[in-house]
Every structure is written in C-alpha cells, then in structure tokens.
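Please look over the sequence and the model before reading on.

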Amino acid sequence: MSAPALDPLARRGPSLRSRILRHWQLYVLLIPALIYLIVFKYWPMYGVQIAFRNYNPIDGFMGSEWVGLEHITRFLQSFQFGRVFFNTIAINVLGLVFGFPVPIILALLINQLGSRRLKSFIQTVLFSPAFISTVVVVGMLFVLLSPRSGLVNNAITLIGGEPINFMNEEGWFRPIYVMSDIWQNAGFSMIIYLAALAAVDPSLHEAARVDGANRWQRVWHIDLPSIRPVVSIMFILAIGNLLNIGFEKALLMQTDLNLGASQIIQTYVYDVGLKSAQFSYSAAISLFNSVLNMILLLVFNQVAKRAGQTSLF
C-alpha cells in the first residue's frame with residue numbers, strides 16, 4: 001500500500017507572513033539596518049546616472065544632456081589611463097602577495113603560544129596600530145624617513161651610506177605604502193583568523209600528540225585546514241577590492257616628485273572631480289572602477305566554488 005502523498009503546502013513550511021508574525025522582534029531589529037542601507041547605499045545610486053550625462057548642477061540629474069559612454073571612453077583613451085591603472089593594480093597586487101599571508105602566519109604563531117598572558121599582550125601590540133589614524137601614520141612616515149633628521153636615514157648615514165629621500169622617490173612609494181599598510185592592518189585581520197582557530201576542537205591536537213605529531217605537523221594538518229574556509233572568503237573579498245586603495249593614505253603620501261607612482265584611480269578621481277569640477281567624468285571613472293571590482297569578485301568567487309573551496313555565494 002503506497003504512502004499518502006504529502007500536501008504541497010505542508011512541504012513548503014510556514015508562510016512568510018506567519019514567520020514574520022512569529023519572530024517579529026527580530027524583524028524590528030532589522031529595520032534600522034535596512035533604513036541605513038536604503039538611505040546611504042541604494043538611494044545615492046540614483047546619482048550614478050551623471051556618469052552618462054554632461055552634468056550641470058543648474059539643470060539637475062534629469063535635465064543634463066545624455067552622452068552615454070562618452071566619459072568612460074574618454075578615460076580609456078586618456079594618456080593618464082595606463083599610468084593610474086597600472087599604479088592601482090601594482091600597489092594592490094604587492095599588498096595581496098606580501099600582505100595577505102602575514103595575518104595568517106601571525107595567527108598561527110600566536111595560537112601556538114602556551115601563556116595566555118603573553119598571547120594577549122602580543123595580540124594587543126599587533127592590533128593597536130589599527131586604531132592609529134591614517135593621517136598620523138603618514139606623519140610618522142615623513143618623520144621617520146626624513147632625509148635630514150629621520151631615524152632611518154640616520155642609521156644609513158652611521159653605516160656609511162648616503163641619505164635617501166624616500167618620500168619623494170617614485171621607486172620607494174609602493175614598498176613604503178605596502179609595508180606601512182601591513183603594519184597598520186595585519187593585526188586586525190589576524191584577529192579574524194585567531195577567532196577561527198579558537199573553534200578548532202582541542203581533541204584533534206591531543207590525538208595528534210598521541211600519534212607523535214610535532215607542533216608544525218599539527219599546524220599544517222589541523223590548524224590550516226580548519227581556517228581554510230575563512231582564508232578563502234578573505235581572499236575573495238581581497239580580490240573584489242583589487243582596484244580599491246585607501247584614498248586618504250595615497251593622497252597624503254603623494255608629492256610632486258613621486259606623482260608618477262602615487263597617482264592612482266582614487267586620487268585621479270579627486271583631482272578631476274573636486275579640483276577640476278568634472279563631475280560626470282569623475283563619476284564615470286568611479287563607476288568603471290566599481291564594475292571591474294564586481295567582475296573580479298564574481299569571477300574569483302566562481303573559481304573558488306569550482307575548486308571546491310568556500311565561496312561567498
């Protein structure tokens with residue numbers, strides 16, 4: 001005798017209305033976040049249309065002349081495009097190659113410390129630079145790397161070398177930017193990996209010790225596989241921001257002498273948008289940058305999914 005067919009409505013579960021009525025407190029808590037997203041994230045998208053118009057504040061968004069992709073084409077054909085695009089990619093790729101593994105290594109090393117007090121002290125020391133303002137960090141760089149009174153150049157002079165004008169030489173801009181960025185932000189990312197490592201079952205390490213595994217073998221076969229999903233997510237997010245650089249830091253470090261290496265997409269948008277009042281042109285460049293970031297995010301998310309790694313969606 002065959003089993004009676006289940007009611008399709010029963011298989012679907014409770015309706016949306018019943019779920020909202022049952023858990024209405026949770027949905028009320030979502031309201032401020034939804035309002036924030038609508039007001040500050042989605043509503044400003046209305047202004048993106050000026051990237052396709054010759055925007056004139058007098059005529060407004062809808063009254064300005066529609067020009068389509070003219071501004072994006074102008075940017076792609078500009079003599080500035082190659083330089084600012086390469087500078088943006090170069091800084092971010094260097095930061096990804098040298099900066100992405102650092103918090104992972106720090107988290108793995110700190111997780112092996114036996115003393116909780118020592119572990120907390122090191123975490124505080126490494127995390128504290130994240131609270132320092134970007135303006136202060138750049139000011140510290142100018143002081144430490146000053147060719148006359150800087151600590152670094154004083155050390156170079158003591159060993160018989162010649163002072164180097166670090167902040168005004170194009171060749172030093174990217175290394176200084178990347179190293180200072182690692183120093184400032186590695187501690188914050190380290191906390192994320194430490195939180196993932198805290199979820200590792202201690203019995204796995206105890207069983208590995210019984211089997212004779214040393215510390216590095218436990219790190220390689222237990223800790224690293226445990227944080228692999230977090231590493232995958234963080235890497236996808238980093239790729240999605242490959243064309244985004246901290247605008248304030250690049251602008252503050254920028255001088256007339258290092259402009260060839262320090263002029264990135266974000267500072268170029270600032271120059272043409274605010275200084276030259278080319279609002280439509282700067283909006284088109286920003287839109288172009290955002291679309292490329294979205295494409296990179298979607299592509300690498302799909303690559304991670306096909307490789308069997310954790311993906312965003």
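The text below describes the nonpolar core and then the salt bridges.

The model is predicted, so that local features need pLDDT of at least 70 and side-chain atom pairs count only at pLDDT 80 or more, while totals for chains, interfaces and linings use all residues. Residues are numbered from 1 along each chain as its sequence is written, and side-chain values use heavy atoms, with hydrogens and water left out.

A nonpolar core is a set of buried Ala, Val, Leu, Ile, Met, Phe, Trp, Tyr and Cys residues joined through side-chain atoms within 4.5 Å. The largest one has 20 residues, and Phe100, Ile104, Tyr193, Leu197 and Ile227 have the most contacts inside it. Two or more residues each come from helices H7 (101-111), H11 (170-198) and H13 (215-240); helices are DSSP runs of H or I, at least four residues, numbered from the N terminus. H13 gives the most, with 6 residues.

The structure holds 2 salt bridges, each a side-chain nitrogen of Lys or Arg within 4 Å of a carboxyl oxygen of Asp or Glu. Buried means under 20% relative accessible area, exposed over 50%, and partly exposed in between (1.4 Å probe, protein chains only).

| Salt bridge | N to O distance |
|---|---|
| Lys249 and Asp181 | 4.0 Å |
| Lys275 and Asp271 | 3.5 Å |

Lys249 in helix H14 (residues 247-253) and Asp181 in helix H11 are 68 residues apart, and their pair links distant parts of the chain. Lys249 is buried at 4%, whereas Asp181 is partly exposed at 29%. Lys275 and Asp271 both lie in helix H16 (residues 265-275), 4 residues apart. Lys275 is exposed at 58%, while Asp271 is buried at 16%.
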